[in-house]
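Subject: Structure handover

Hello,

Here is the structure we spoke about, with my notes below it. Please have it open while you read.

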Amino acid sequence: MKAVQKAISQILPVIPKPIVGFFAKNYIAGENLEDAVRVVKDLMAQGACATIDVLGEEVTEKEHSQKVAEMYHKVVHTIHEEKLDSTVSIKLTHMGLKIDKEFCYENVATLLQEAKKYNNLITIDMEDHTCTTDTLALFQRLRKDFDNVGTVLQSYMRRTINDINNLLPLKPNLRICKGIYNEPREIAYKDDFTINQNFTYAIEKLLSENSYVGIATHDERLVWEAFRIIDKYNLNKDQYEFQMLLGVDTQLRRIILNEGHKLRVYVPFGKEWFAYSTRRLKENPHIAGHVMKAAFRRFLGKKAS
Ligand SMILES: Cc1cc2nc3c(=O)[nH]c(=O)nc-3n(C[C@H](O)[C@H](O)[C@H](O)COP(=O)(O)OP(=O)(O)OC[C@H]3O[C@@H](n4cnc5c(N)ncnc54)[C@H](O)[C@@H]3O)c2cc1C
């Protein structure tokens, strides 16, 4: 898997954007909020719920982040108006974290206030290690005033056990995932076994201490570990949920739903789809060959014309 990810990382930068878009389209609802609404309604008909994300990150201008915040307000209102079973996911660098932390805090706090009116939850995604400390500090600060905020911990991070211990007194709503960014070994575990052990440790620790956990994985071994822990602590269905990405392993999604568990699908939409899409393509074990072939065909087509 790691070799596939490495190979795809190397070829993606030279692949034309339309080809990346072609292969990535299943991971994204579309460019507009209406697309996300349509996808969420479809998921609801299948018995799932959702979390809507506006695509984009690493914003460098305040005006841009303000526009992002406005779009998120629209998302919160639309969820209410359309009676969608959906929370909202945000990235702090999209809301201005790298521009000005206080500006970012205000942006998120205002959104949380709005979401609170509709009893909706905002989950703060976890980005790369340059954001971890700031993200958790901002989460802890927000959590003092808001009970409708959650965040994410990544099981590849060496600090995650400590972070759980620090956050537990807040009774946090946490999504646990493996983590997708390419982090240095000093910061993140590199072997799958340890990352999986840390994932299992994290969900067991949190669930046994009555935190609400989003078990975010498509790895069937980890889904089984979650089933084991749910059984061991005799948990109710409202104490946890499974979470999966749009476009990934719909069969496993159905299996989990058929067993009666709550399952939330991450539904991203927007025009800034490239960074998210390349992260997803790197994780797809079947994609490298297809992308290469398509790029090669296109290259030959251009040469011939
Ligand atoms: C709801 C949700 C929210 C997330 N939020 C964050 C976040 O805030 N921060 C962060 O760093 N990461 C986030 N992630 C991504 C996560 O960290 C992993 O990178 C991703 O979920 C793949 O890990 P996995 O547990 O599914 O295991 P893997 O071992 O990577 O995958 C298990 C199996 O799932 C299938 N699979 C996985 N990904 C794909 C794909 N893209 N295309 C096709 N098949 C695939 C493959 O068959 C693979 O063998 C999130 C994931 C989910 C589900």
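How many bridges join strand β2 to strand β3, and in which sense do the two strands run? This is a predicted model, and in it three bridges join β2, residues 86–90, to β3, residues 122–124, with the two strands running parallel. Ile90 stands opposite Ile124 of β3.

That pairing is part of a barrel. Eight strands close into it in the order β1-β2-β3-β4-β5-β6-β7-β8, and the pairing is parallel. From one strand to the next, the twist averages 30 degrees.

Ala216 has Gln243 of β7 as its bridge partner.

Strand β7 took up most of my time. Six of its six residues are buried, so far as the cut-off of under 20% relative accessible area goes. On one side of the strand these are Tyr240, Phe242 and Met244, and on the other Glu241, Gln243 and Leu245, which leaves both faces of β7 covered.

Phe227, Tyr240 and Phe242 form one aromatic cluster.

Phe242 counts as buried because its relative accessibility is 1%. Phe227 has 22% relative accessibility and therefore counts as partly exposed.

Now the helices. Helix α7, residues 160–167, lies across β4 (149–154) and β5 (173–177), and runs at about 155 degrees to β4. Ile161 has its place in this helix. With a relative accessibility of 31%, Ile161 counts as partly exposed. Leaving aside residues up to four places away in sequence, Ile161 touches Asn198 and Tyr201. Between Ile161 and Asn198 there are 8.0 Å in space, C-alpha to C-alpha, although the two are 37 residues apart in sequence.

Which residues bring α2 and α11 into contact? The axes of helix α2 (residues 17–24) and helix α11 (residues 274–283) come within 10 Å and cross at roughly 65 degrees. The crossing of α2 past α11 is left-handed. On the α2 side the contact is made by Lys17, Val20, Phe23 and Ala24, and on the α11 side by Phe274, Ser277, Thr278 and Leu281. By class, five of the residues in this contact are nonpolar, two are polar and one is charged.

For your own look at the model, I would begin with the cluster of Phe227, Tyr240 and Phe242, and then turn to the contact between α2 and α11.

Regards

Conventions: Residues are numbered from 1 along each chain as its sequence is written. This is a predicted model: local features need pLDDT of at least 70, side-chain atom pairs count only at pLDDT 80 or more; totals for chains, interfaces and linings use all residues. Side-chain values use heavy atoms; hydrogens and water are left out. Two strands pair if DSSP finds at least two bridges between them. Helices (H or I, at least four residues) and strands (E, at least two) are DSSP runs, numbered from the N terminus. Axes are lines fitted to C-alpha atoms, for helices over the stretch in contact, and angles run from 0 to 180 degrees between N-to-C directions. Contact means heavy atoms within 4.5 Å. A crossing is left-handed if the near helix is turned anticlockwise from the far one by less than a right angle, and right-handed if clockwise. Ala, Val, Leu, Ile, Met, Phe, Trp, Tyr, Cys and Pro count as nonpolar, Asp, Glu, Lys and Arg as charged, and the others, Gly among them, as polar. Buried means under 20% relative accessible area, exposed over 50%, partly exposed in between (1.4 Å probe, protein chains only). Rings of Phe, Tyr and Trp (its six-membered ring) pair if their centres lie within 6.5 Å; planes under 30 degrees apart count as stacked, over 60 as edge-to-face and the rest as tilted.
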